[in-house]
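The exercises below are meant to be worked through with the sequence and the model open side by side.

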Amino acid sequence: MNHDQARYGDDDRYEPLLSETGTKTVDVSEESPLPDGLTREELELPTSSEPELSRHYTRLSQMNWSVETGPYPLGSCTMKYNPSFTEDVAADPNAAVHPERSEETIQGTLELLAGLQDYLARIGGMDAVTLQPPAGAAGEFTGIHVAKAYHESRNDDRSEVIVPASAHGTNFASAAMAGYDVVELPSGEDGRVDLDALEAAVSEETAALMLTNPNTVGLFERDIVEISEMVHDAGGLLYYDGANLNALLGRARPGDMGFDVMHYNVHKTFATPHGGGGPGAGPVGVREELAEFLPRPRVREQDGQYELYDPERSIGKVHGYQGNWLVLVKAYAYIARLGDSGLEDASAKAVLNANYLAEQMEYDIPYGPFHHEFAATAGDRDAADVAKRMLDYGVHPPTTKWPEFVPEAMLTEPTEAEDKTSLDDLAAAFNGAISDSEEELANAPSKTTAQRIDQATAARNPRLSWHALDEQ
Amino acid sequence: MFETPDDRKYQESHEYATTDGEPVTVGISDFAQDELGDIVFVELPEAGDEMSQGEEFGVIESIKAVSDLYVPVSGVVSAVNDALFDQPELVNESPYDEGWMLKLEDVDDAELAELLTADEYSEQTE
């Protein structure tokens with residue numbers, strides 16, 4: 001199967017800007033109520049016909065990689081296919097409800113929110129859930145603030161959050177933004193949490209330990225019960241980063257492992273679009289004792305009616321209204337369509353696919369047994385070059401050079417969505433790229449629309465807006 | 001393979017300090033710049049800052065990684081290499097000369113004497 005990208009134009013110009021295909025100057029010097037500094041005498045507008053405009057954007061979209069055009073095994077990111085039916089549900093006119101409408105007239109909206117909260121609570125083993133945070137990292141930020149509010153309510157002043165060295169960068173940032181000192185926990189030799197190192201790190205200053213399970217290289221933290229006891233004995237809380245929840249759906253729950261707070265990455269686990277900075281959702285679940293600190297307003301059912309209310313000790317708002325509503329609708333639709341057995345099947349296939357792919361790959365995989373993702377090593381080849389070369393085989397490469405404790409890491413996560421043919425394509429691309437010549441690697445990618453990027457120049461002289469085009 | 005001139009001393013985290021009197025010049029080794037790859041950004045302290053051995057004096061960012069820079073000997077910063085702000089690639093091209101980072105005065109000579117010699121440092125990087 002071939003997933004090559006479309007190519008247009010000559011080598012260094014892929015697609016002209018609309019302004020380069022023809023423009024006309026329009027006089028706009030009419031009286032304006034705006035101050036002079038904000039108005040212009042004339043405007044240059046593109047003159048493309050509607051079909052040409054449509055073709056322009058279609059071509060641009062074909063020059064991009066997406067899970068719609070080929071396998072996308074970006075480890076840790078869980079690039080699931082987003083089933084189209086969830087878009088249909090979100091596009092239903094009944095979903096377009098103004099958030100300022102009175103409670104009696106939006107009972108359906110509130111019921112859906114309450115229903116999603118219940119689904120997520122059940123999936124995570126949590127007692128209460130807020131849907132408000134607008135992204136995974138915003139969920140972390142919210143969750144750590146809830147933990148902080150909990151400690152403060154008990155006049156328990158704590159200054160540190162422990163984060164494993166292999167954790168996502170957002171964990172360090174979220175803890176620091178909440179005002180905590182970050183204590184970094186080195187990985188043990190087997191790639192898991194080192195209990196001795198944790199013992200040394202935990203103290204009466206420990207506000208929380210942030211963990212993902214399975215961890216960044218797909219390993220299940222087998223000592224999670226001991227870990228939980230150590231942190232709780234010191235008075236700290238256990239925070240679950242939901243990044244890898246896709247491996248556990250219907251099989252194990254963070255709440256049952258002793259976690260007190262968690263966030264859900266609905267774009268990973270529940271197949272809503274990855275925001276790319278756009279609207280996302282990072283719901284947060286907590287144990288009962290922490291529920292009163294969740295963002296306001298919250299949704300609840302009272303005597304068959306749904307209503308919004310403000311918990312007295314809430315940390316406040318982290319986003320407008322109930323978060324990014326249409327993203328939540330898609331997550332609800334996905335969970336409802338799959339149901340218990342479908343979700344369980346998704347996690348089983350995610351683990352099976354990762355293990356099948358790994359078996360087909362001629363790479364050393366230093367840590368295992370792994371679940372839904374694994375860190376292969378490119379050995380004496382440069383992982384970034386191998387990844388770029390994989391683009392020439394028509395697949396998207398995995399995450400490279402991370403986590404750092406795996407040399408030349410290629411963190412791979414095919415997800416449950418790929419079938420055997422796609423996995424075989426992926427394995428062929430992995431195996432082809434690693435055995436290609438140094439020259440082929442150094443010049444890769446050669447078949448994509450945009451070829452080898454000069455990363456150093458891009459980082460040293462970034463062009464961050466269209467104004468930079470004028471300076472060419 | 002890598003240049004490790006013996007007119008200066010080194011510490012394990014790859015910074016060097018010159019030994020031909022004050023001001024002492026500080027930068028990173030040829031080995032370190034090669035490991036980092038193309039350097040795209042350098043952050044340095046201000047002249048006048050007092051620094052102790054082992055303290056972070058700045059940040060270096062390459063297309064591969066972001067790393068902290070550590071002061072090899074205690075002293076007072078008398079100058080920083082402003083050229084690196086516009087031309088961070090000087091660290092790649094000339095780590096021991098044009099790619100220098102700090103000039104230090106009032107340096108602790110005992111600390112300087114304790115640092116690794118060029119031979120000792122080379123062994124570490126083999």
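**Exercise 1.** Which residue in S14(A) is the bridge partner of A:Phe374?

*Solution.* This is a predicted model, in which local features need pLDDT of at least 70, side-chain atom pairs count only at pLDDT 80 or more, and totals for chains, interfaces and linings use all residues. Residues are numbered from 1 along each chain as its sequence is written, and chains are lettered from A and ligands numbered from 1 in the order in which they are written. Helices (H or I, at least four residues) and strands (E, at least two) are DSSP runs, numbered from the N terminus, and two strands pair if DSSP finds at least two bridges between them. Strand S12 (residues 374–377) of chain A pairs with S14(A) in the antiparallel sense over four bridges, and the partner of A:Phe374 in S14(A) is A:Thr412. S14(A) also pairs with strand S13 (residues 399–400) of chain A, again antiparallel and over two bridges, with A:Thr399 bridged to A:Leu411.

**Exercise 2.** Check the length of helix H12 (residues 420–434) of chain A, and state what covers its buried residues.

*Solution.* The expected span of a helix is 1.5 Å times one less than its number of residues. For the 15 residues of H12(A) this gives 21 Å, which agrees with the 21 Å between its end C-alpha atoms. Its buried residues include A:Leu423, A:Leu426, A:Phe430 and A:Ile434, and their cover includes helix H10 (325–360) and helix H11 (383–392) of chain A.

**Exercise 3.** Describe the largest nonpolar core and the other core that lies apart from it.

*Solution.* A nonpolar core is a set of buried Ala, Val, Leu, Ile, Met, Phe, Trp, Tyr and Cys residues joined through C-beta atoms within 7 Å. The largest has 109 residues, of which A:Ala208, A:Tyr239, A:Val261, A:Leu328 and A:Ala331 touch the most other members, and H10(A) supplies the largest share, 16 residues. Apart from this core lies another of 32 residues, among them B:Leu36, B:Val40, B:Val73 and B:Leu104.

**Exercise 4.** Where is B:Lys64 placed, and which residues does B:Lys64 touch?

*Solution.* UniProt lists B:Lys64 for "modified residue: N6-lipoyllysine" in an unreviewed entry; UniProt positions follow the numbering used here, feature names are shortened, and annotations may be inferred rather than shown by experiment. B:Lys64 is in the loop between strand S6 (56–62) and strand S7 (66–70) of chain B, and counts as partly exposed because 16 C-beta neighbours lie inside 10 Å. Two residues are in contact if their C-beta atoms, placed from the backbone, lie within 7 Å; not counting residues up to four places away in sequence, B:Lys64 touches A:Lys401, B:Leu36 and B:Gly37.

Note on methods:
Buried ≥ 20, exposed ≤ 12 C-beta atoms within 10 Å, placed from the backbone.
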